[in-house]
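Hi everyone, thanks for making time for this.

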Amino acid sequence: MALAALMLLAGCKKESSEKKILSFKFAAPAVEATIDESAKTIVAVVPFGTNVTGLVPMITISEKASVVPASGTVVDFTNPVNFTVTAEDGSTVVYKATVTVDPNGGGGGGGGGGDPTDPTTWSGSISANTTWPDLGLPVDYVIDGWFYIEGNALLTIEPGVTIMFSHEGDGFDVGPDAGLRMVGTPEKPIRLINAVGNPNPGAWAGIAVYSERNDNRFEYVEFVNSGNGENVIYVGGKLSMKNCTIDGALHNGVGLGTEAQFTAFENNTIKNCGGYPLWLGYPEKVNNLGSGNVYANNGNNMIVLDYPWLYFDATFSNQGIPYFIADGLSVEDNKKMTVDAGVEFVFEYDQDFAVGSDARIEVNGTASQPVVFRGKSNEDLWGGMHIYSNRSGNVINYARVMNCGMDSDWYRRACLFIGSEAKLTLTNNVFGPSAYTGVAIESISNWGNVTHSGNTFMECGMENVFICWEGEWNGEYYGEQTSLDELP
C-alpha cells in the first residue's frame, strides 16, 4: 500500500513553468550581455570591428527549459533578434536581444589636423546603427581608407565633431540601404578635414551616397580640401544638403547622378574647386536647386548639365552663375522649360538649343535681368536657338542671344531659327553677335504665328533676318531686311 501511494504522488507531480534566460554571452569576442528580466531585453556591446552578422551566443536557461535560437547557433544580429524560451509545461516567454558596436572601440592614433590628442580611428565598415559623439578633441575621429556604411546601418555624426582623413584615397561610401546623417549647428559645425601633412585640395577622396533613405542629411558641415575623386560629394540616391561649405577640391564640388535627387539644396557655399561646383546628370535636376547657394572662385564657375534631352517640366532658377550646356539641349515630349530672370546659359562649341514641335519654352527675362544664351567666348560659336513648337504660349522676353552661327545646315546658322509651324512671341530681345544671321525664318507663310516687338540686332556677319521660302534660301528678296518689323 505504501509503494502504491508513492507511485500515485509521482504520477501527479506538476511540470515546471520556469523559463528564464540566466546568462547570455559570446566567446569571440569575449562579451557578456546585460539581461533586464522585467523588460525581457538583452543588450550586448561588442568591440569596434566585430562582424555582428555571424555571432554565436552561449545561453544559460532555466532547468528543463529550451530556447530558440539555441545556444551555440550562429545568429545575425544586424537587427534585434527574438529568443523564445519554452518551459517544461509548454509556456513561453520572448526576450529581445540587441547587439551594438562600440563606436569608441576603434583604438587611438596620432597625427592629424590641429594636433589631435587621442582620436578614434575607423577603417573598414559598419553594418549596425552607430553614433559618433563630439569627443571634445581637435580631431575626434580619423578615417583610414574607404569607410563603408553597409546593410541598414545609419551612421549619425553629432554637432561639433571633426573628422580627419589620413590619405588621398580615404572617404565614405554609403550603401544602397544605409544612411549618413551629419547635422551640425551654426555654433558647432561638423568638419571633415585633410591630414595635417597634406593641406592641399584633393587631400582626401570624398563621399559617395548611393542610398535612397531620407536619413541622408548634411547640415552645417564643412568639407575641406577634398575631391581627389571626381567629386567631393557624389549623390547616386537622395540627399538633403543645407548650410554646408565645400572649400577646396581637386576637381568638382557636388555631382548628382542620373537617378539621384536633392530632397533639399539650400544656402550652401561651394568655393575653390579646381573643376565645376555642381554637376547635374539630367537637366530636370535643376528643379531641386533651392535658394541662397553661393559658388565662388571655382576653376569653371558654372553648373554643368550633362544630358542633351529634357523629358520633364523644368524651371531654371537664377543660381548666380551660368548653366553650362556641354552636349546641347532639346526640350521634347510635351514638356515645358521655364527660365527665370537673370539666368545665363553657356553652350559648348557647335552645340544648340531646340524646342520640339509639342514642347514649350517660356523665357522670363526683364530689362534689368535679361536671360543670356551664349557661347563660351566670342570665338566659341554655338548653334543657336531652334524653335519648332506649334503650341501656344511660347515666349522669349528680354533675352540676349549671342556668339551664334554654327550649324550643320547652313540656312539655320542664326541666333534664332524659327520653324515653319512655330508659334512664338518675341519681345525686347537682342540677337547677336552672330557669325551669320540674327534670325532665320523657315517659312514666310507661317509669319502670322509669330508676335514680335522691340527686338534688335547687333554685329550679325550677314543680314539680320533671312527667310527660307518653300525650301529655297531667298537672300535676294528678304536678305536686306534689318528688322523683324520690316517683314510683310
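Let me begin with Lys188, which counts as partly exposed because its relative accessibility is 40%. On that scale, buried means under 20% relative accessible area, exposed means over 50%, and partly exposed is anything in between, with a 1.4 Å probe and protein chains only. What we have here is a predicted model, in which local features need pLDDT of at least 70 and side-chain atom pairs count only at pLDDT 80 or more, while totals for chains, interfaces and linings use all residues. Residues are numbered from 1 along each chain as its sequence is written, and side-chain values use heavy atoms, with hydrogens and water left out.

So, which residue does Lys188 pair with in a salt bridge? The partner is Asp134, and the closest N and O atoms are 3.5 Å apart. This pair links distant parts of the chain: Lys188 sits in the loop between strand S15 (179-183) and strand S16 (190-194), Asp134 sits in the loop between strand S10 (130-132) and strand S11 (141-149), and 54 residues separate them. For the record, a salt bridge here is a side-chain nitrogen of Lys or Arg within 4 Å of a carboxyl oxygen of Asp or Glu. Strands (E, at least two residues) and helices (H or I, at least four) are DSSP runs, numbered from the N terminus. Asp134 is partly exposed too, at 29% relative accessibility.

Glu362 counts as partly exposed, with 22% relative accessibility.

The other is between Glu348 and Lys376, where the closest N and O atoms are 3.1 Å apart. Glu348 is in the loop between strand S34 (344-347) and strand S35 (352-355), and Lys376 is in the loop between strand S37 (371-375) and strand S38 (384-387), so this bridge ties together parts 28 residues apart in sequence. Both ends are partly exposed: Glu348 has a relative accessible area of 24%, and Lys376 comes in at 37%.

Let's step back to the whole chain for a moment. You'll find two helices and 48 strands in it. Of its 488 residues, 48% count as buried. The chain exposes about 20600 Å², with carbon and sulfur atoms supplying 48% of that; these areas come from the Shrake-Rupley method with a 1.4 Å probe, and for residues only the protein chains shown count as cover. As for contacts, meaning heavy atoms within 4.5 Å, residues 24 or more positions apart account for 62% of those with a separation of 6 or more.

Asn82 is partly exposed, with a relative accessible area of 43%. What does Asn82 touch, leaving out residues up to four places away in sequence? The list is Val68, Pro69, Val94, Tyr95 and Lys96. Asn82 and Ile42 are 40 residues apart in sequence, and their C-alpha atoms are 9.6 Å apart in space.

Now for some backbone geometry. Most residues other than glycine have a negative phi, and most peptide bonds are trans. The bond from Val68 to Pro69 is cis, with omega near -5°, and Pro69 lies in the loop between strand S6 (66-68) and S7. A cis peptide bond also joins Ala28 and Pro29, with omega about 0°; Pro29 is in the loop between strand S1 (21-26) and strand S2 (31-32).

Two lysines deserve a look as well. Lys40 is not a glycine, yet has a positive phi of about 60°, and its place is in the loop between strand S3 (34-36) and strand S4 (41-46). Lys64 has a positive phi near 70° and is found in the loop between strand S5 (57-61) and S6. Is Lys64 buried or exposed? Lys64 is exposed, with a relative accessible area of 51%, whereas Lys40 is partly exposed at 23%.

That's my tour, so over to you for questions!
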